[in-house]
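Colleague: I would like to go through this model term by term. Please set each value against its cut-off.

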Amino acid sequence: MSEQTMPDQPGTPPYEDARTELREIVAKLETGGQSLEESLALWERGEVLADVCQKWLDDAGQRLDSAIAARDADGVEARD
């Protein structure tokens, strides 16, 4: 699954990779020791990664909703 990209945005990192990098950034920011510029750059990158993760989760939710709706529709047709 690590080779999967979002269909509407080629080059977007897989969810797992984005989440891992985001966790590393959070750990660095919590530890401190960076300059203000480094902290801001980490924060900005973290915001981008958080958006990527949210888009993956939203897409997964939509796919699940579609699959459930299709299953439910098939069940109704089968009973008719």
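Modeller: Start with the elements. Helices (H or I, at least four residues) and strands (E, at least two) are DSSP runs, numbered from the N terminus. By that rule the protein chain has two helices and zero strands. The model is predicted: local features need pLDDT of at least 70, side-chain atom pairs count only at pLDDT 80 or more, and totals for chains, interfaces and linings use all residues. Residues are numbered from 1 along each chain as its sequence is written, and side-chain values use heavy atoms, with hydrogens and water left out.

Colleague: How do you know that the span of helix H1 agrees with its 17 residues?

Modeller: The expected span is 1.5 Å times one less than the number of residues. For H1, residues 15–31, that should be 24 Å, and the end C-alpha atoms are 24 Å apart, so the two agree.

Colleague: What follows H1, and what is its phi?

Modeller: Gly32 follows H1, and its phi is positive, near 80 degrees.

Colleague: Why is Glu16 called partly exposed?

Modeller: Buried means under 20% relative accessible area, exposed over 50%, and partly exposed in between (1.4 Å probe, protein chains only). Glu16 has 30%, so it is partly exposed. Glu16 lies in helix H1. Its C-alpha atom is 8.4 Å from that of Cys53, 37 residues away along the chain.

Colleague: How much of the protein chain counts as buried?

Modeller: Of its 80 residues, 14%. The chain exposes about 6100 Å², with carbon and sulfur atoms supplying 54% of it. Those areas come from the Shrake-Rupley method with a 1.4 Å probe; for residues, only the protein chains shown count as cover.

Colleague: What makes a set of residues a nonpolar core?

Modeller: Its members are buried Ala, Val, Leu, Ile, Met, Phe, Trp, Tyr or Cys residues, joined through side-chain atoms within 4.5 Å. The largest one here has seven residues: Ala18, Ile25, Leu42, Leu49, Val52, Cys53 and Trp56. H1 and helix H2 (36–79) are the elements that give two or more residues to this core. H2 gives the most, with five. In soluble globular proteins, nonpolar side chains tend to be buried together.

Colleague: Why is the pair Glu21 and Arg45 called a salt bridge?

Modeller: The rule asks for a side-chain nitrogen of Lys or Arg within 4 Å of a carboxyl oxygen of Asp or Glu. Glu21 and Arg45 meet at 2.9 Å, N to O, so the pair passes the cut-off. Glu21 lies in H1 and Arg45 in H2, so the bridge ties together parts that are 24 residues apart in sequence. Both ends are partly exposed: Glu21 has a relative accessible area of 28%, and Arg45 has 35%.

Colleague: How many salt bridges does this rule give?

Modeller: Two. Asp72 and Arg71 also meet in one, at 2.9 Å, N to O.

Colleague: What about Leu40 and Val26?

Modeller: Leu40 is in H2. Its 40% relative accessibility counts as partly exposed. Leu40 and Leu29 are eleven residues apart in sequence and 9.6 Å apart in space, C-alpha to C-alpha. Val26 is in H1. It has 37%, so it is partly exposed.

Colleague: What share of the contacts comes from residues 24 or more positions apart?

Modeller: Contact means heavy atoms within 4.5 Å. Among contacts in the protein chain with a separation of 6 or more, such residues account for 58%.
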